[in-house]
Amino acid sequence: MPELPEVETIKNELSPSVIGRKIMKVDIVRDDVISKPSADEFREKVTGKTITGITRRGKYLFFHLDKSDDILTMHLKLAGSLQLDPETDKFTRAVLHLDDETDVHLKDPRKFGRMWLEKDESAVADRLGPEPFDKDFTVKTLAEILKKRSSPVKVVILDQSLIAGIGNMYADEALFEAKIHPARPAKRLSPAEVERLYDAIKNVLRKGIEKKGASVRDYFRPSGEKGEAHTDFLVAHGAGNSCPGCAGKIERIVVGGRGTYICPRCQPEP
DNA sequence: CCCGGAACCTGAAGGC
DNA sequence: TGCCTTCAGGTTCCGG
């Protein structure tokens, strides 16, 4: 499931193979993988363009094109991956054929992933909260975000318009590390808890990037390999496991409609 | 404004 | 063996 560490890994590992390469041909297996403009217009505007760089904001990827007004933008949603020269299979939704014979496949078992054209990165980025690793994301920033909200703290940190990049797995890991129950109203966290959460968010995301992302299910790196970050997960998807911090058992609950993993002893209810 | 829930999809895994 | 249910999960939209 691509969250910030997975999308960052894809950007880092795809860049050396695609930067400076020209897109010779675009195969679109299903038209609805292109959100805008039409599949035909997309093909026309992208074909023949050279990729000058890839950037990431939150969980979005931007492929910058030479001599173009358009930025090829992607969101992999729940299960999408970008793979270099894989076998074509029933999950291949689109292929970018590059001028050195490299093929970049968008694979996506669940068909949620999309690519489209934007004139400007800010059309997407302006709707997102700060990047967790930007200088302007401080403990104070997080405290300001949390203190206005009575929603469960987990719902708040998953809100991309407030903080960009955190998804379900890393939210659970961060809240466990900070020893905060995910259903706690955000505004009721103490200053010490806010600080623990701040450190935990950066820590779990940093470790996720170091381990090249978490392959709990559908995530693959551009090489087709899995990431290793999930092997360090302490609670996410670990119902029934023993808590690493106490004798308790990890439980699955639902918070904000999302499957949520906690240690009920280390993360006591409000 | 806030919140909950549905919709979008389908494969894997577990229960019976 | 096979059918049925549950779970996974990011974003957007709709209704209360």
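Visitor: How many disulfides are there in the whole structure?
Guide: A search of the whole structure turns up 0 disulfides. Keep in mind that this is a predicted model. Take C263: its nearest cysteine sulfur belongs to C243 and sits 3.5 Å away, and C263 is in no disulfide.

Visitor: Remind me, what is a disulfide?
Guide: It's a covalent bond between the sulfur atoms of two cysteines.

Visitor: Are C263 and C266 buried or exposed?
Guide: C263 is buried, with a relative accessible area of 0%. C266 counts as buried too, at 12%.

Visitor: Switching topic. Where is E118?
Guide: E118 is in strand β8, which covers residues 114-118. With 10% relative accessibility, E118 counts as buried.

Visitor: Which side chain has a polar contact with that of E118?
Guide: That would be W116, and the polar contact between the two side chains is 2.8 Å. If you skip neighbours within four places in sequence, E118 is also in contact with several residues, including K36, D69, D70 and V124.

Visitor: OK, pockets now. What is the volume of the largest pocket?
Guide: About 560 Å³. Its lining is made up of 25 residues, and those nearest the centre are M1, E3, L78, N168 and R258.

Visitor: Which element gives the most to that lining?
Guide: β10 does, with 3 residues. Three elements, α5 (153-158), α6 (168-177) and β10 (258-262), each supply at least two residues of the pocket lining.

Visitor: How many of the pocket's lining residues are charged?
Guide: The pocket lining has 8 charged residues, along with 10 nonpolar and 7 polar ones.

Visitor: And how many cavities of 30 Å³ or more are there?
Guide: The count comes to 1 cavity. The space inside the largest cavity is about 110 Å³.

Visitor: Which residues line that cavity?
Guide: Among them are Y170, E173, E177, V204, K207 and F233. Both α6 and α7 (191-210) supply at least two residues of the cavity lining. By class, the cavity lining splits into 5 nonpolar, 1 polar and 5 charged residues.

Visitor: Let's go to α5, then. Is K154 buried or exposed?
Guide: K154, which is in helix α5, counts as buried at 0% relative accessibility. The side chain of K154 makes a polar contact of 2.8 Å with the side chain of T260.

Visitor: How far is K154 from P182?
Guide: They're 28 residues apart in sequence, and their C-alpha atoms are 4.9 Å apart in space. P182 is also in contact with K154, as are N168, A171, D172 and R258, among others.

Visitor: What about H181, where is that?
Guide: H181 is in the loop between α6 and α7. H181 is buried, with a relative accessible area of 4%. A polar atom of the H181 side chain lies 3.0 Å from the backbone nitrogen of A183.

Visitor: Last one: where is P132?
Guide: P132 is in the loop between α3 (122-125) and α4 (139-147). P132 is buried, with a relative accessible area of 0%. Leaving aside neighbours within four places in sequence, P132 is in contact with L4, F137, I163, A164, K202 and L205.

Methods
Residues are numbered from 1 along each chain as its sequence is written. Chains are lettered from A and ligands numbered from 1 in the order in which they are written. This is a predicted model: local features need pLDDT of at least 70, side-chain atom pairs count only at pLDDT 80 or more; totals for chains, interfaces and linings use all residues. Side-chain values use heavy atoms; hydrogens and water are left out. A disulfide is a pair of cysteine sulfur atoms within 2.5 Å. Buried means under 20% relative accessible area, exposed over 50%, partly exposed in between (1.4 Å probe, protein chains only). Helices (H or I, at least four residues) and strands (E, at least two) are DSSP runs, numbered from the N terminus. A polar contact is a pair of N or O atoms within 3.5 Å; within protein, one must be able to donate a hydrogen and the other to accept it, and residues adjacent in sequence count only if both atoms are side-chain atoms. Contact means heavy atoms within 4.5 Å. On a 1 Å grid over the protein atoms alone, a cavity is a set of points where a 1.4 Å probe fits but cannot get out, and a pocket is an open set with protein on both sides within 12 Å along at least five of seven lines; lining residues have an atom within 4 Å of a point. Grid points are joined across faces, edges and corners, and a volume is the space filled by probe spheres set on the points. Ala, Val, Leu, Ile, Met, Phe, Trp, Tyr, Cys and Pro count as nonpolar, Asp, Glu, Lys and Arg as charged, and the others, Gly among them, as polar.
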